Amino acid sequence: MPTSPIDAEDAGAPARRLTVLSGPSGVGKSTVVKKLRADHPEVWLSVSVTTRAPRPGETDGVEYFFAAPEEFDRMVAEGRMLEWAEFAGNRYGTPRAPVEERLRAGTPVLLEIDLQGARQVRASMPDSFHVFLAPPSWEELVRRLTGRGTEPPEVVRRRLDAARTEMAAEKEFDATLVNTSVEDVRDELLALIQAPRV
Ligand code: ADP
Ligand code: 5GP
């Protein structure tokens, strides 16, 4: 008989260990995930493939696998993406095999992906748990996205356009966390990842 929530989860469908984190660009998803994984490396974060150029400080295979468009398209055509989407002029996708491997092994898996990708995962893996990260206000989101200084104004504008659509979809998610304090959100997200799901 299961004696703890973890045991109970082990006895259930492994796909229940899949958590999707989504939210508008600049809200702080990467910051929160980095902080969570610093303390909890046992939570496995999927490394996505993207056609966008690396930002200063980003390393191939760490933040992303950086791929040429043709290489990305080949992966899609061969069915090697669990989900993929075009976001603000670039393509992003989750390699399927590593995720399925971790889920089979019972490892908690975290995907940090956009709304279109989250919808695809919802459809293909209905046991997944979806968390929306929201900004404290629209003004603060704009401040964070522009303050990060990683995109030119035209790209910031495209990302804010996408953000309006993403904010309107919050109700599709199983839980919303407001990113006022990174530490608070880290703790709340960890609790959701570890919670038994029945
Ligand atoms: P995302 O991954 O969602 O695009 P980032 O993690 O890159 O967002 O965060 C965008 C910017 O906001 C970064 O400069 C980051 O340091 C800052 N940031 C993240 N969380 C907070 C927070 N709780 N309070 C203030 N600034 C934050
Ligand atoms: P960025 O260029 O700021 O790293 O990411 C832009 C957007 O793409 C973010 O909303 C991020 O969550 C999303 N994203 C990153 N990886 C993936 C992925 O594999 N699939 C999808 N659908 N979106 C992704």
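Biologist: Where does Gly-28 sit?

Modeller: In this predicted model, Gly-28 is placed in the loop between β1 and α2, the latter covering residues 29–39.

Biologist: Is Gly-28 buried or exposed there?

Modeller: Gly-28 counts as buried, because its relative accessibility is 15% and the cut-off for buried is under 20%.

Biologist: And what does Gly-28 touch, not counting residues up to four places away in sequence?

Modeller: With those set aside, Gly-28 touches Leu-133 and Asn-179.

Biologist: Where does UniProt put the "binding site" feature?

Modeller: The UniProt record, which is an unreviewed entry, gives that feature at Gly-23, Pro-24, Ser-25, Gly-26, Val-27, Gly-28, Lys-29 and Ser-30. Of these residues, Gly-23, Ser-25, Gly-26, Val-27, Gly-28, Lys-29 and Ser-30 are included in the lining of the largest pocket.

Biologist: Let's take Lys-29, then. Which element is Lys-29 in, and is Lys-29 buried or exposed?

Modeller: Lys-29 belongs to helix α2, and with a relative accessibility of 12% Lys-29 counts as buried.

Biologist: What is Lys-29 in contact with, leaving aside its neighbours within four places in sequence?

Modeller: Beyond those neighbours, the contacts of Lys-29 are Leu-21, Ser-22, Gly-23, Pro-24, Glu-112 and Leu-133. For Gly-23 there is a further detail, in that the Lys-29 side chain reaches the backbone oxygen of Gly-23 at 3.0 Å.

Biologist: Switching to the sheet, what is the strand order?

Modeller: The sheet is open and has 5 strands, which follow the order β2-β7-β1-β8-β9 with parallel pairing. Its edge strands are β2, at 44–45, and β9, at 175–178, each of which pairs on one side only.

Biologist: How many bridges are there between β1 and β7?

Modeller: There are 4 bridges, linking β1 (residues 18–22) with β7 (residues 109–112) in the parallel sense, and Leu-18 stands opposite Val-109 in β7.

Biologist: Which strand is joined to β5 by 6 bridges?

Modeller: That is β6 (residues 90–95), which runs antiparallel to β5; within this pairing, Glu-83 has Thr-94 in β6 as its bridge partner.

Biologist: How many residues lie between β5 and β6 in the hairpin?

Modeller: The hairpin has 2 residues between the strands, and Ala-88 in the turn has a positive phi of about 45°.

How values were computed:
Residues numbered from 1 in each chain as written. Chains lettered and ligands numbered in written order. Predicted model: local features only at pLDDT ≥ 70, side-chain atom pairs only at ≥ 80, totals over all residues. Heavy atoms only, no water. Pairing = 2+ DSSP bridges. UniProt positions renumbered as here; feature names shortened; annotations may be inferred. 1 Å grid on protein atoms, 1.4 Å probe; cavity = no way out; pocket = protein on both sides within 12 Å on 5 of 7 lines; lining within 4 Å. Buried < 20%, exposed > 50% of the residue type's maximum accessible area, 1.4 Å probe, protein only. Contact = heavy atoms within 4.5 Å. Polar contact = N/O pair within 3.5 Å; in protein donor to acceptor, adjacent residues only side chain to side chain.
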